[in-house]
Amino acid sequence: MTPSKGLPRREFLGVTLAAAAAVSALEPTTAEAVAPLAPPAGRGGHYVPQRAPLRPVPFQKLPPGAIEPRGWLAQQLDLQVRGLCGRYDEISDFLVYDTNGWVDPAKGAWEELPYWLRGFGDLGYVTGDTGVLTRAHRWIDGILRTQAADGWFGPERLRTSLESGPDFWPGMPLLGAFRSWHEYSGDDRVVPFMTKYLRFQNTQPAEVFNRSWGAFRWGDNIDSAYWLYNRTGDQWLLDLVNKMHSGSADYVNGIPTWHNVNLAQGFREPLQYWLLSGDEQHRAATYRNYATVMGQYGQFPGGGFAGDENSRPGFGDPRQGFETCGIVEMMHSFEMLTRFTGEPVWADRCEELAFNSLPASYDPQQQVMHYITCANSVDLDDRIKHGQFQNGFAMQAYKYGVHQYRCCPHNYGMGWPYYVQELWLATTDNGLAASMYAASKVTAKVAGGQTVSIVQDTEYPFGDTVDLTVQGSARFPLYLRVPGWADSFTVAVNGERQRVRSEGGWIKLDRQWRANDRVRLVLPMEVRTRVWEANQDSVSVDRGPLTYSLAIDERYEQIGGTADWPELAVHPESPWNYGLVQDAQFKPVRRRTDAGANPFTTAGVPVALTTQARRIPEWETDSENVVGLLQQSPARSVQPVETVNLIPMGAARLRVSSFPQVAAQGQQWLRRTRVTASHVWDGDSLEAADDGRLPSSSADTSIPRFTWWDRRGTTEWIQYDLREARELRRVSAYWFDDTGLGQCRVPASWRVLWLDGATWRPVTGASAYEVARDRFNTTTFTPVRAQHVRVEAALRPTYSGGLLQLTFD
C-alpha cells in the first residue's frame with residue numbers, strides 16, 4: 001500500500017485555489033477532443049442572462065425541477081420529506097398557518113417561517129412530492145396576499161421593530177422562496193410582488209440599512225435585486241444595490257462580525273457587489289474574508305469553522321463546532337460563488353461541507369438534529385458545556401428543538417434541495433456543466449434551444465467513476481469539473497479514451513452529441529493526510545472529497561420526545577483516544593451493505609479504511625464529558641499498535657477526525673486538570689482559569705474567562721482535580737474585574753483549601769490573600785500533599801466575580 005501523502009492545511013488551500021491546473025498535460029489530438037478552456041463569462045445562454053452593467057458570469061442556474069436526484073441523494077431527500085423538514089409544521093408553533101403573521105399581518109412572526117419555507121418549498125420542487133408542493137403553495141399564496149399598497153408584506157409589527165424602522169432581515173429568505181417558486185411554476189404574481197417590495201426598500205433612509213441582522217446579511221437581498229433586475233431591467237434596482245452595500249456591515253475592509261452564520265452568508269457580499277462595481281478590491285475582499293476566517297478558526301476537517309454561535313479567540317480546537325445554520329448557509333454561499341466566478345474551488349468546498357458535516361448534523365432517520373457539529377466529538381449528551389460552547393444551552397443531543405435550537409431545525413432543510421439544483425449549471429455558451437457530482441438526471445436547453453437530458457450514474461463521493469448518458473441530439477459544450485483533490489483523471493467518450501487536459505479545473509467536451517452517447521469520467525481517489533499545523537500538527541485523512549473518522553461504536557439513548565420525534569443522546573461503546581502512527585498506511589475496504597442502505601450511517605458505509613494507531617491513555621474527556629483538547633504531535637505512546645477502522649465523517653455521529661500523531665519517542669501527553677465549581681455562568685468557560693492564557697488586565701475579554709455570574713455577594717468555589725497527588729505550597733489568582741463594563745469585581749476575600757481524605761481543610765501558614773487588580777495575587781503556605789484543591793471566594797455585596805487564571809504549585 002502506498003503511504004499517504006501529507007499536505008499542510010495552508011498549502012491545501014493554495015492548491016485548491018489553483019484548482020486542477022496540473023491535473024493533466026495531455027494535449028487534444030482530434031477535432032472531437034477538448035479545447036482547453038474554462039466556461040466563458042458571457043451574456044448568452046437560455047436561462048436569464050446577466051444584464052449590463054452587471055458583469056457577465058459563466059453560469060446560469062437551471063430552474064428547480066430541471067434536475068432529478070437519484071441514488072443516495074434521492075434517499076436523503078426522501079428522509080427529509082418524511083422527517084424533520086418535511087413534517088416540521090406538525091410540531092413547530094412557529095409554523096401554524098392560522099396564527100402566523102406572514103399570512104395574517106396583525107399577528108407576530110419573524111425568521112422561522114421564512115427559513116423553513118425556503119427549504120421546504122425547494123424540497124417539493126426537486127422531489128415532486130405532492131404533499132410538500134400542496135402545503136408550500138398554500139403558504140406562498142397566503143403570503144403574497146398580505147402585500148400592502150406601499151409594497152410591505154407580512155407582519156405589520158416588523159415595519160417598526162428596529163429603532164422605529166423596518167426589519168428587512170426575515171423577508172430576505174422569503175424572497176429566495178418566491179424566486180424558486182417563480183422559476184418552478186412561472187407564477188406571474190412574483191415579479192410584480194418583488195418589484196413593489198424592493199421599491200419600498202428603495203424609499204427608506206440610509207440608516208435603515210445598517211441595523212441588526214440585516215446589516216450583516218444584505219448579500220442575500222442583493223442577489224434578489226440582481227435576480228429581479230435581470231428580468232425587468234429596472235435601473236432603480238441598481239441604486240438599491242448601492243444602498244444595501246453602503247449600509248452593509250463592512251466586509252470590504254475586514255471582518256465586521258464573528259457570528260458564524262453572519263460570516264457564512266456575509267463573507268461573499270463584497271464579491272456580489274463587485275458584479276456591479278467592477279472594483280477588484282470588492283472581489284478580493286471575499287477571498288480574503290474566507291482565508292481569514294478559515295485561517296483562524298477553520299483549522300480542522302469538515303469544511304466549516306469553529307462557530308458555536310460566535311468564533312472566539314482561544315476556541316479553535318476541533319472539539320469546537322459549526323452551527324447547522326452555518327453549514328447550509330455556507331454551502332449556499334459556495335454554490336453562488338461557483339456560478340459567479342466559474343472557479344471550481346468553491347464547488348470543492350461545497351462538497352466538503354455537504355458530504356462531511358451536513359449528514360452528521362442530524363440523526364440517521366432525519367427525525368431530529370443538533371445545533372453544533374464538531375470534527376472531534378465523542379459523546380452527544382444533553383448537558384451545557386462551559387469549557388467548549390458559548391451559548392447557555394446544551395447543543396449536541398439530537399432534538400426537534402423548536403425553541404431550544406430554533407433557527408437550525410427551521411433552516412437546515414435548504415441544504416440538500418439547493419445542492420440538487422447546483423449539480424448541473426447552464427453555461428453562457430449554450431452548454432451544460434457538471435458542477436458537482438451525484439446520481440441525477442438533468443433536462444435543459446442547449447445549443448439553439450434544443451432540449452436534451454443527461455443521466456448521471458455514479459456512487460460519488462464513495463466511488464470514483466461518473467458515467468453520463470446523453471438523451472437527445474445537439475452540438476453543445478459539456479463541461480466537467482475536476483476537483484482540486486484529484487491528481488489525475490481519465491475521460492472516455494463511447495469507450496474511446498480522450499486525450500484531454502483541464503484548464504482552470506474544467507474539462508470541455510464540445511461535439512455533436514447523439515442519443516445514447518456515453519461519457520465516463522474517472523477521478524482516482526487516493527488516500528492522503530492533511531497536517532493541521534495550527535492545531536498541534538494533528539492530521540486528518542481524506543479519500544477524494546470524503547474525510548474519514550475513527551469508527552466508534554455508538555449507543556443511542558432516547559432522552560425524551562416521542563417515537564416520531566425522539567430526543568436522542570449518543571454515547572461511545574468503544575475506545576476513542578487513538579493517535580495515528582506516523583507514516584501509517586491506509587487500506588480502502590469495500591464493505592457489503594444491504595441494498596438501499598444509507599451510506600451516511602455506520603452500517604451503510606460502502607468504503608471504509610483501515611490503518612495503524614496507538615491509544616493515548618492520557619487523552620481523556622474533561623469534567624463535562626467533552627473530548628480533551630489536542631496536544632502537540634507527535635505524542636508519546638508505548639501502547640500496542642492496533643488496526644483501527646475509519647469511516648466517512650458524515651456517517652459518524654461520534655467521531656475523531658483530527659488525530660494526534662503518535663510515536664514511542666514523542667512528547668508526553670499531559671493529563672488535564674479536571675475543573676469543577678459551585679457555579680459557572682452558562683456563557684463562560686469552566687476550564688478558562690487553567691488554560692494557560694495570560695491576561696493583559698483584569699478586564700481582558702479577549703481570552704476565555706471563568707465567572708460565578710450571576711451570583712452576587714455569596715461564597716463560591718472553584719476546584720481542581722490535579723489527577724495525582726502533588727506537593728503544593730503556592731497559589732496564584734488573577735481575578736476578573738470588569739469595572740466600568742459589567743458587574744464582576746475582585747472578591748472581598750478568599751482562601752485555599754485541600755482535600756484530606758473526605759474533609760476539606762484550609763491550608764496553614766498562608767501569606768496574605770491579596771485581591772489586587774491587573775496582576776497575579778500569590779499566597780504561599782505550609783506545603784501539603786494533595787490531589788484535590790479548592791479556592792473559596794467571598795464575593796462582594798451586590799457584585800459577582802471570577803478568574804482569568806488560577807495556578808497551583
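1. A quick term before we start: two residues touch, or are in contact, when they have heavy atoms within 4.5 Å. By that rule L117 touches A136, W139, I140, I143, L174 and A177, leaving out residues up to four places away in sequence. Keep in mind that this is a predicted model.

2. L117 is also worth a look for the nonpolar core. The largest one has 197 residues, and L117, F178, W424 and L478 are the members that touch the most others in it. Helix α14 (residues 324-341) is the top contributor to this core, giving nine residues. A separate core of 29 residues lies apart from it, with V675, V680, A793 and L806 among its members. As background, nonpolar side chains in soluble globular proteins tend to be buried together.

3. Next, N100, which sits in the loop between α3 (84-87) and α4 (112-127). Is N100 buried or exposed? It counts as buried because its relative accessible area is 3%, and the cut-off for buried is under 20%. A polar atom of the N100 side chain lies 2.7 Å from the backbone oxygen of F94. Leaving out residues up to four places away in sequence, N100 touches F94, L95, K107, G108, A109, L113 and W139.

4. Last, a helix pair. Helix α6 (residues 171-185) packs against helix α9 (residues 218-232) at about 35 degrees, with the axes 9 Å apart, and the crossing is left-handed. On the α6 side, the contact uses M172, L175, G176, R179, H182 and E183; on the α9 side, W218, D220, N221, D223, S224, W227 and R231. Sorted by type, the residues of this contact are four nonpolar, four polar and five charged.

Conventions:
Residues numbered from 1 in each chain as written. Predicted model: local features only at pLDDT ≥ 70, side-chain atom pairs only at ≥ 80, totals over all residues. Heavy atoms only, no water. Axes fitted to C-alpha atoms, helices over the stretch in contact; angles between N-to-C directions. Helix = DSSP H or I, 4+ residues; strand = E, 2+ residues; numbered from the N terminus. Left-handed = near helix turned anticlockwise from the far one by under 90°. Nonpolar A, V, L, I, M, F, W, Y, C, P; charged D, E, K, R; others polar. Buried < 20%, exposed > 50% of the residue type's maximum accessible area, 1.4 Å probe, protein only. Polar contact = N/O pair within 3.5 Å; in protein donor to acceptor, adjacent residues only side chain to side chain. Core = buried A, V, L, I, M, F, W, Y, C linked by side-chain atoms within 4.5 Å.
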